[in-house]
Amino acid sequence: YDAQTRMQIPGQWEQFAPMIGSVPGQLGNDSFGVCWNTKDNCRFDYLTGVEVESAEDLPPTFTVVEVPPGRFAVFKHAGHVSM
């Protein structure tokens, strides 16, 4: 994504949301949006995801991002992702 295409992120959530709760190896019920692989000019990759026990049973279309232990800003959002 970039500054012009970031408004497509809600569509990514709409595609992923029906899978929450049925992802192989899913731990808990929380879902996460992760900005990662940042590049110049406000370009970045965005992951809609859940925590999993292991990546070995995930579908090949899934991407795995390992978040190392550390201090992170976590923002809880209860409304629609477009808000």
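**Confidence, strands and a buried contact**

User: Which strand has the highest confidence, and at what mean?

Analyst: This is a predicted model, in which local features need pLDDT of at least 70, side-chain atom pairs count only at pLDDT 80 or more, and totals for chains, interfaces and linings use all residues. Residues are numbered from 1 along each chain as its sequence is written, and side-chain values use heavy atoms, with hydrogens and water left out. In the protein chain, confidence (pLDDT, the predictor's confidence in each residue, from 0 to 100) is lowest in strand 1 (residues 26-39), at a mean of 92. It is highest in strand 2, at 96.

User: How many bridges join strand 1 to strand 2?

Analyst: Strands here are DSSP runs (E, at least two residues; helices are H or I, at least four), numbered from the N terminus. Two strands pair if DSSP finds at least two bridges between them. Strand 1 and strand 2 form a hairpin with three residues between them. They run antiparallel, and the number of bridges joining them is eight.

User: Which residue is the bridge partner of Ser31 in strand 2?

Analyst: The turn of the hairpin holds Asn41, with a positive phi of about 60°. Across the pairing, the partner of Ser31 in strand 2 is Val50.

User: Is Thr48 buried or exposed?

Analyst: Thr48 is in strand 2, which covers residues 43-52. Buried means under 20% relative accessible area, exposed over 50%, and partly exposed in between (1.4 Å probe, protein chains only). Thr48 has a relative accessible area of 12%, so Thr48 is buried.

User: What distance separates the side chains of Thr48 and Gln12 in their polar contact?

Analyst: Gln12 lies in helix 1 (residues 9-16), and its relative accessible area is 16%, so Gln12 is buried. A polar contact is a pair of N or O atoms within 3.5 Å; within protein, one must be able to donate a hydrogen and the other to accept it, and residues adjacent in sequence count only if both atoms are side-chain atoms. The side chain of Gln12 also has a polar atom 2.9 Å from the backbone oxygen of Tyr46. Between the side chains of Thr48 and Gln12, the polar contact is 3.4 Å.

User: Which residues does Thr48 touch, not counting residues up to four places away in sequence?

Analyst: Contact means heavy atoms within 4.5 Å. With residues up to four places away in sequence left out, Thr48 touches Gln12, Trp13, Phe16 and Phe32.
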